[in-house]
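Here are my comments for your first read-through. Keep the structure open beside them and find each residue as you go.

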Amino acid sequence: MQQSNDAKVTRVVLDAMGGDYAPAELVKGAVEAVKNREDIQVFLVGQEDVVREELTKYTYPEERITIVHAEEVIETAEPPVNAIRKKKQSSIVVGMNMVKQKEADAFVSAGSSGAILVGGQVIVGRIKGIERPPLAPLIPTEKGVSLLIDCGANVDARPSHLLQFAKMGSIYMENVLGIKNPRVAIVNIGAEEEKGNALVKETYPLLKECGDINFVGSIEAREIPHGEADVIVCEAFVGNVILKLYEGLSSTLISAIKKGMMSTLKSKIGAALALPALKSTLKDFDASQYGGAPLLGLNGLIVKTHGSAKAKEITNSIYQCVTFKEQDINGKIKKNIISSTEQEGM
């Protein structure tokens with residue numbers, strides 16, 4: 001297995017068999033990543049013959065893409081725990097074991113969300129002191145981006161979990177996005193402190209008293225697109241509903257705008273004039289440019305991309321792994337959690 005000994009090179013394992021467009025878009029995304037940057041090495045994990053056939057379509061620096069054979073594929077509908085236990089030669093299990101054994105710095109997959117969440121905890125393992133690892137995607141807003149944490153990993157979270165989400169989200173936004181003292185808010189049905197369900201009411205005072213974060217209070221769903229907070233804290237059920245509504249509404253609005261612009265001759269002329277500005281605006285709301293959702297709090301980086309991810313999102317997810325490593329996000333999370341645990345024990 002070819003490996004770079006250069007500490008400046010980020011080694012990313014890419015699940016070549018996961019997602020709706022595997023392996024074509026995954027391979028294309030990997031090729032784009034290594035062609036555009038010299039500090040990346042990609043391991044394409046999957047059925048070797050299939051992956052190699054896709055690679056022959058491209059010219060690229062061959063020393064920086066390696067195929068790692070994995071015969072089995074975990075399908076989306078499979079029970080995740082059984083799949084991880086039984087399919088030891090699947091692309092997800094083989095790839096995560098490479099991260100566990102320090103043969104790679106990160107693992108990226110567009111495959112089964114359930115298998116990735118289970119594998120992340122069972123194979124890669126949680127950082128000591130982390131109660132639950134959350135999925136944390138960046139979502140576009142009027143003011144840039146916000147981190148939605150958790151969006152799918154922990155549907156029955158406790159207040160202590162949400163407190164850790166807030167801390168990890170703050171570390172991520174400050175170090176990966178460069179946002180100093182990021183604003184943290186908890187998703188609620190009103191701005192008043194006494195509003196919310198039992199989980200929100202119990203979590204609110206914990207966030208308010210936490211000196212490690214810049215807590216700004218509650219945020220209602222309608223304020224999220226305006227960018228009123230940098231870190232948006234919630235349990236996974238709420239977070240997933242927000243994320244899916246966000247994505248569905250975005251695609252619906254874009255479709256409606258295109259339809260309206262093509263409805264009459266006058267609107268077509270207007271569309272031709274407005275198109276450059278419109279494309280620039282819509283680009284800002286294209287979530288694929290931000291990469292995937294990291295599963296924070298593990299002993300290695302796991303990134304889950306959309307099942308429908310195409311090459312652009314895959315390439316950006318690989319770049320995301322480079323920043324994560326360079327900024328030592330895991331080291332900063334470990335330091336924060338260990339420090340907090342020690343203080344609680346005093």
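**Notes on cysteines, cores and salt bridges**

1. Start with Cys 321, which is buried at a relative accessible area of 2%. Buried means under 20% relative accessible area, exposed means over 50%, and partly exposed lies in between (1.4 Å probe, protein chains only). The closest cysteine sulfur to that of Cys 321 belongs to Cys 151, 16 Å away, so it is too far for a bond.

2. A word on the source: this is a predicted model, where local features need pLDDT of at least 70, side-chain atom pairs count only at pLDDT 80 or more, and totals for chains, interfaces and linings use all residues. Residues are numbered from 1 along each chain as its sequence is written, and side-chain values use heavy atoms, leaving out hydrogens and water.

3. Cys 210 is also buried, at 14% relative accessible area. Its sulfur has its closest cysteine sulfur in Cys 234, at 17 Å, too far for a bond.

4. Now the largest nonpolar core, which has 62 residues. Such a core is a set of buried Ala, Val, Leu, Ile, Met, Phe, Trp, Tyr and Cys residues joined through side-chain atoms within 4.5 Å. Leu 14, Val 42, Leu 44 and Ile 65 touch the most other members. Helix α6 (residues 159–176) gives the most to this core: eight residues. Helices here are DSSP runs (H or I, at least four residues), numbered from the N terminus, as are strands (E, at least two).

5. Another core lies apart from the largest one. It has 40 residues, including Val 93, Ala 104, Leu 148 and Leu 295.

6. Look closely at Leu 44. Leaving aside neighbours within four places in sequence, its contacts (heavy atoms within 4.5 Å) include Leu 14, Val 27, Val 51, Leu 55 and Ile 65.

7. The salt bridge count is 13. The rule asks for a side-chain nitrogen of Lys or Arg within 4 Å of a carboxyl oxygen of Asp or Glu. Glu 54 and Lys 57 form one, at 3.0 Å, N to O. Glu 54 is buried at 12% relative accessibility, while Lys 57 is exposed at 56%.

8. Asp 105 and Lys 325 form another, at 3.6 Å, N to O. Asp 105 lies in the loop between α4 (91–100) and β4 (106–109), and Lys 325 in helix α10 (residues 311–326), so the pair ties together parts 220 residues apart in sequence. Through shared partners, salt bridges join Arg 11, Asp 105 and Lys 325 into one network.

Terms used
Disulfide = S-S within 2.5 Å.
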